[in-house]
Amino acid sequence: MADPETTQQESRPAAVTARSGQYTIAVALVAALGGLMFGYDIGVIADAKTGIRKAFDVGDLTLSFVVSSVLAGSFIGALGAGRLADRIGRRWTNVWGGILFGIGCLGCALAVDITMIIAFRVLMGIGVGFSSVAGPLYIAEISAPWSRGAMVSLYQLAITIGIFLAFLVGLYTAPNGLWREAFGIGAALGIGLIVGMLVMPPSPRWLVGRGYLEIARGVLQRTMGSRSAAEEELRVIRRTVDQEKGQRLVTSIRTSRAVQLALILAIGLAFLQQASGINAIFYYGPEILTQVGLGDEKTLLQAGLGLVNVLATFIAIWLVDRLGRRPLLIAGTTLMMTAQIIGAICCGLLPEVGDASTGQDIPPAAVVILLSLATSIVAFAFSLGPLVWLVISEVFPSGVRSGCVGIATSVNWVGNFLIGSGAMIIIKADPAIAFWVFAGFNALTIVFVIWRMPETKGATLEDIEQFFTGRTPGTSGPEQRELG
Ligand code: BGC
């Protein structure tokens, strides 16, 4: 295969890129609305839980069910979404994601007891689970190879905006006890996704699989920007789809080395993304800040960290199709690990653990810890955040793509739950241990990426598929790592 750099240059039709580029951005932005739901759902509960506790007079255990019920729903949704995305298509799976999320939010807003809240939080989760599979998948399948990285990163950008939006909403609703309104706003995001997706075209790869060649040709012409590029792409997609006719998910996982290799990569990255500790910051940021002596400013600082998360994602959008996936992942994870090690050391330098905030000077070590949290977020935002969704959506053969994306994504949700609940216990005991544990996982991620991940920049989904198929057992050495 040609050098990806050359492939990228050659396959980009110079004269027509601008219009097709704008069209693809518009389509990707709409699909990324699912990311807004995803992020909002992470952020909203942090503030709403105090209001819910008061309204229904519930204890810690019940409240932890309220928080984690959405993760259970997302796991179920992600697992089911793979099959659904094949049956009804990527676009309709996103629409259903919006419908379930919207109903879930409204149900929580109108809840009369805690059981109703938990049940509707599960429904919200199923909606998010649908969109966390069908969103990146749809964007990856509809994007041209030279901009696929940036387009899928828009999904992550939307997640970060969703988290930040929830913090902002919380700044107003939490002190005023307006948690029902906070859920109500979430319903609007679901409606946005439904309306937006209904006017978008179906994924061309799904269309070819279903035999709708003419419609697929039309979509490809708009996204590729030229008739000849679209014809060439259609030919390659048809060939791949024909070869894979009748492929079954379980059989492929059992017998195809290509599927197994891609699955190891995607599941590994999905889990390691959560093991990086990012959600320890988003879920328990206020607790960490209080413990290191910054409790007075915790709400504002937490919102600031949310904003840093949004802004740093633009680095990935800018660089992912220029530098490639591997350099960004390795650089970001190394930076995150370094920041966590510094954070761990500084925890040991704090004068007194506990809420030392009131009326005392802020210890310098606490400021360094805050900076290490901010640096970890920046590093995650341009590496593990967007790239994991991207890699998961581009490494599988088209015949089993949606099923495998569903499996890898559901592992991400299990990791989210396990690491989220485990982090709480460790942070309460000693934040330094949490920093060390997450730094250790990030070291593992660097080794894993160097060892298992090919560079997929600029390659078509079909090129990537050929790469994994061409790899024979025992040849996963460095000489085979580059796609080019
Ligand atoms: C992760 C989420 C995380 C978010 C933070 C996403 O890629 O999957 O678990 O909360 O990034 O921006």
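The largest pocket is lined by 39 residues, of which Lys49, Val67, Tyr283, Tyr284 and Glu287 lie nearest its centre. Here a pocket is an open set of points, on a 1 Å grid over the protein atoms alone, where a 1.4 Å probe fits and where protein lies on both sides within 12 Å along at least five of seven lines, and lining residues are those with an atom within 4 Å of a point. The model is a predicted one, in which local features need pLDDT of at least 70 and side-chain atom pairs count only at pLDDT 80 or more, whereas totals for chains, interfaces and linings use all residues. Residues are numbered from 1 along each chain as its sequence is written, and side-chain values use heavy atoms, with hydrogens and water left out.

The space in this largest pocket amounts to about 1200 Å³, a volume being the space filled by probe spheres set on grid points that are joined across faces, edges and corners. Among the elements that give two or more residues to its lining are helix H3 (33-56), helix H4 (60-87) and helix H14 (278-291); helices are DSSP runs (H or I, at least four residues) numbered from the N terminus. Helix H4 gives the most to this lining, with nine residues. By residue type, the lining of the largest pocket divides into 20 nonpolar, 10 polar and nine charged residues, where Ala, Val, Leu, Ile, Met, Phe, Trp, Tyr, Cys and Pro count as nonpolar, Asp, Glu, Lys and Arg as charged, and the others, Gly among them, as polar.

The second largest pocket has a volume of about 800 Å³, and its lining consists of 25 residues, with Asp86, Arg210, Gln247, Gly399 and Val400 nearest the centre. Two or more residues of this lining come from each of H4, helix H9 (204-209), helix H12 (249-255) and H19, and H4 gives the most, with five residues. The lining of the second largest pocket holds seven nonpolar, eight polar and 10 charged residues.

The count of salt bridges (a side-chain nitrogen of Lys or Arg within 4 Å of a carboxyl oxygen of Asp or Glu) comes to 13. In one of them, Arg90 is paired with Glu141, and the closest N and O atoms are 2.8 Å apart. This pair links distant parts of the chain, since Arg90 belongs to helix H5 and Glu141 to helix H6, 51 residues apart. Arg90 is buried, with a relative accessible area of 3%, and Glu141 is buried at 1%; buried means under 20% relative accessible area, exposed over 50%, and partly exposed in between, for a 1.4 Å probe and protein chains only. Salt bridges with shared partners join Asp86, Arg90, Glu141 and Arg401 into one network.

Another salt bridge joins the side chains of Glu233 and Arg205, at 2.6 Å from N to O. Glu233 is buried at 6% relative accessible area, and Arg205 is buried at 6%. Glu214, by contrast, is exposed at 56% and forms a salt bridge with Arg217, the closest N and O atoms being 2.3 Å apart.

The ligand is surrounded by 16 residues, the closest being Gln156, Gln273, Gln274, Asn279 and Trp389, where a residue is near if one of its heavy atoms lies within 4 Å. An oxygen atom of the ligand lies 2.7 Å from an N or O atom in the side chain of Gln156, and a polar side-chain atom of Asn279 is 2.6 Å from an oxygen atom of the ligand.

Notes. Polar contact = N/O pair within 3.5 Å; in protein donor to acceptor, adjacent residues only side chain to side chain.
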